[in-house]
Amino acid sequence: MMANNASSEGYFILLGFSKWPHLEATLFVLILIFYLITLIGNLFIIILSHIDSHLHTPMYYFLSNLSFLDLCYTTSSIPQLLVNLWGPEKTISYAGCLVQLYFVLALGTTECVLLVVMSYDRYVAVCRPLHYTVIMHPRFCHMLALACWVSGFTTSALHSSFTFWVPLCGHHQVDHFFCEVPALLQLSCVDIHANELTLMVMSSIFVVIPLILILSSYGAIAKAVLRMQTTTGLQKVFGTCGAHLMVVFLFFIPVMCIYLQPPTETSQDQGKFIALFYTVVTPSLNPLIYTLRNKDVRGALRRLMGY
């Protein structure tokens, strides 16, 4: 089993971007900058949503969850990547790889479900405004958020366990910058069709279906928006919904490129840069998108600064 092979060595080697050694210094600087932006931006959203009473609404409650989720998601892989880019050692312990895989899967799955919940919140706000406070009751919002986290961590426990029961072929070089399912499956010396089928089913359930639900919600929102007569109402809807849709596409499109295509050597190399985008760039852009495109957040910032 993978546990027997890898644990006897005690570590995996994360090859990462070792094929392009001339890029490693540049990548280190860029990734560090984006990581700091992610930490500062998402902490800012969480703190602002907590201290400003005008933001004590379901939308900003879910946005705070998303910001906390992005903080955890980037921290589960980026510090290890920075260490590997900085020095010659590109190893991760067997236990560290197992923990990293578990949290990357758990947090990624949670984000997929949370984005569906956020689109439902916007659907109720636009299409059923008179019933919004009744439907999106604080207790119901807490239950939705809890369901997102529980579904993500439960699914990850099953999927990561199934992945780590695959026998290795003797070497322990992971052709990626973090422990990820497709890269780990490439180390197998047995038939992995069952694992690939599981990966495809899980991707369909937690990537394709959520994306369909999100687009359906925004299809209904678009119809409702077209019936609006006031310019102010239109601007507010486009401000909040447009920001959320941008976040959805920035997350789902790269993830679909990784998990919904057959693995090849070319796609593996491309996949590293695509994964770099949704693990590093997207979480850093989310606070900027919501801050720059949202009048409520800008207003809260002005109140905080005393303007």
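Biologist: What's the angle between the axes of H3 and helix H7 (residues 138-163), and how close do they come?

Modeller: The axes of H3 and H7 cross at roughly 20° and come within 10 Å (axes are lines fitted to C-alpha atoms over the stretch in contact, with angles from 0 to 180 degrees between N-to-C directions). H3 and H7 are therefore roughly parallel to each other (under 35 degrees; over 145 is roughly antiparallel, 65 to 115 roughly perpendicular, the rest oblique). This is a predicted model, with pLDDT of at least 70 needed for local features and 80 or more for side-chain atom pairs, while totals for chains, interfaces and linings use all residues. Numbering starts from 1 along each chain as its sequence is written, and side-chain values use heavy atoms, without hydrogens or water.

Biologist: Which residues in H3 and H7 meet?

Modeller: From H3, you have Pro58, Tyr61, Phe62, Asn65, Phe68 and Leu69. They meet Cys141, His142, Leu144, Ala145 and Trp149 in H7, contact being heavy atoms within 4.5 Å.

Biologist: And H2, at what angle does it pack on H3?

Modeller: About 155°, with the axes of H2 (residues 24-51) and H3 (residues 58-75) 9 Å apart. That makes H2 roughly antiparallel to H3.

Biologist: Which H2 residues are buried?

Modeller: Among them are Glu24, Leu27, Phe28, Ile31, Tyr35, Thr38, Asn42 and Ile45 (buried is under 20% relative accessible area, exposed over 50%, partly exposed in between, with a 1.4 Å probe and protein chains only).

Biologist: How far apart are the ends of H2?

Modeller: Its end C-alpha atoms are 40 Å apart, which agrees with the 40 Å that 28 residues should span at 1.5 Å a residue.

Biologist: Switching to H5, how many of its residues are buried?

Modeller: 25 of the 34, so H5 is largely enclosed by the rest of the structure. H5 covers residues 94-127 and reaches 50 Å from its first C-alpha to its last, close to the 50 Å expected.

Biologist: What's the overall secondary structure?

Modeller: Twelve helices and three strands (DSSP runs, H or I of at least four residues and E of at least two). Of the 307 residues, 49% count as buried. Among contacts between residues at least 6 apart in sequence, 79% join residues at least 24 apart.

Key:
The expected span of a helix is 1.5 Å times one less than its number of residues.
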